[in-house]
Amino acid sequence: MITVVANLKGGSGKSTVVFNLALWLQSCAQPVVTYDLDPQCTLADVGAVRREEGYTPPLQVYQQDTALPDQLAYHPGEVLVDVGAANMAGMRDALSVADRVIIPVPPSQPDVWATQRFLGIVEEALAGKDRRPQIQAFVNRADTHRAVRESDETEEALGMLEGIDVLPQRLCQRTLYRRSLSEGLAVFELSPRSKAAEEFHDFANALYPDYRPGRRKRNPA
Ligand SMILES: Nc1ncnc2c1ncn2[C@@H]1O[C@H](COP(=O)(O)OP(=O)(O)OP(=O)(O)O)[C@@H](O)[C@H]1O
Ligand SMILES: [Mg+2]
């Protein structure tokens, strides 16, 4: 299954989501490859840190400019693609063969507008295709305080956009995401009992209800 994690805005959490999701799928014993189509190469860099630190399993990251639809479709297991506005050609290629598109959206109005524009790009990429991917948006970097309304408002606004599903599972703004990314570990590896880990499991379970993480040797954290 080809899952493209994309949107137009920078810093919304695409690379963070691909990295954590790929490791979560591996913890469920699923074969996974990832594609980093972003010239910034964040995913390739974090994959390199993980390998240098000797954490297992390593993450397979193909780092390239073009998405090469045939190449994406070639892998038998789960394929995760990280792509943003810096590579619009690669984004269109990846969208054209996607089974699913996941859109992380930070809680702000400009991010909702950018998501709306992004949906236009998805439609262009799908023009003439007889198969549509499932498109799922969710709020990333949600405020942890219930009193702050931006996340609810963003979710409501996303719910009004046509052709997408909005996941009720949010990922909150938590420092553990930054720390774990810089160390080459998933949040649930670095701090398995944290709120971030719990939220991430709920999120990943909602996306892949048929998979369950198995028990495995812990990486040194
Ligand atoms: N839920 C979160 N809580 C806290 N920090 C987060 C969260 N999600 C992402 N971040 C942090 O925000 C920064 C940007 O995230 P990330 O690099 O994943 O975004 P991106 O969409 O891939 O950005 P770009 O468009 O630049 O490629 C990183 O430092 C990351 O660790
Ligand atoms: Mg990125």
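Which ring does the charged end of Arg100 sit over? That would be Tyr208, with the charged end 4.8 Å from the ring centre. A charge sits over a ring here if NZ of Lys or CZ of Arg is within 6 Å of the ring centre and within 35 degrees of the ring normal.

A quick word on the ground rules. This is a predicted model, where local features need pLDDT of at least 70 and side-chain atom pairs count only at pLDDT 80 or more, while totals for chains, interfaces and linings use all residues. Residues are numbered from 1 along each chain as its sequence is written, chains are lettered from A and ligands numbered from 1 in the order in which they are written, and side-chain values use heavy atoms, leaving out hydrogens and water.

Now the overall build. The chain has nine helices and eight strands (DSSP runs numbered from the N terminus: H or I of at least four residues for helices, E of at least two for strands). Its radius of gyration is 16 Å, close to the 17 Å that the globule rule gives for 221 residues, so the chain is as compact as a globular protein of that length. That radius is taken over C-alpha atoms, and the rule is 2.2 Å times the number of residues to the power 0.38. Of the 221 residues, 53% are buried (under 20% relative accessible area; exposed is over 50% and partly exposed in between, with a 1.4 Å probe and protein chains only).

On to the rings. Searching the whole structure turns up six aromatic pairs, meaning Phe, Tyr or Trp rings (for Trp, the six-membered one) with centres within 6.5 Å; planes under 30 degrees apart are stacked, over 60 edge-to-face and the rest tilted. Tyr35 and Tyr62 have ring centres 4.9 Å apart and planes at 25°, so they are stacked. Tyr35 belongs to strand β2 (residues 32-36) and Tyr62 to strand β3 (residues 61-63), so the pair ties together parts 27 residues apart in sequence. Tyr35 is buried at 0% relative accessibility, whereas Tyr62, at 28%, is partly exposed. Elsewhere, Phe138, Phe188, Phe200 and Phe203 form one aromatic cluster.

Finally, ligand 1. It is surrounded by 17 residues, and the closest are Lys14, Ser15, Thr16, Gln40 and Cys172 (a heavy atom within 4 Å counts as near). Some polar contacts, pairs of N or O atoms within 3.5 Å:

| Side chain | Ligand 1 atom | Distance |
|---|---|---|
| Lys14 | oxygen | 2.8 Å |
| Thr16 | oxygen | 2.5 Å |
| Asn140 | nitrogen | 2.9 Å |

The protein covers 86% of the 630 Å² of accessible area that ligand 1 has on its own, by the Shrake-Rupley method with a 1.4 Å probe.

Terms used
Polar contact = N/O pair within 3.5 Å; in protein donor to acceptor, adjacent residues only side chain to side chain.
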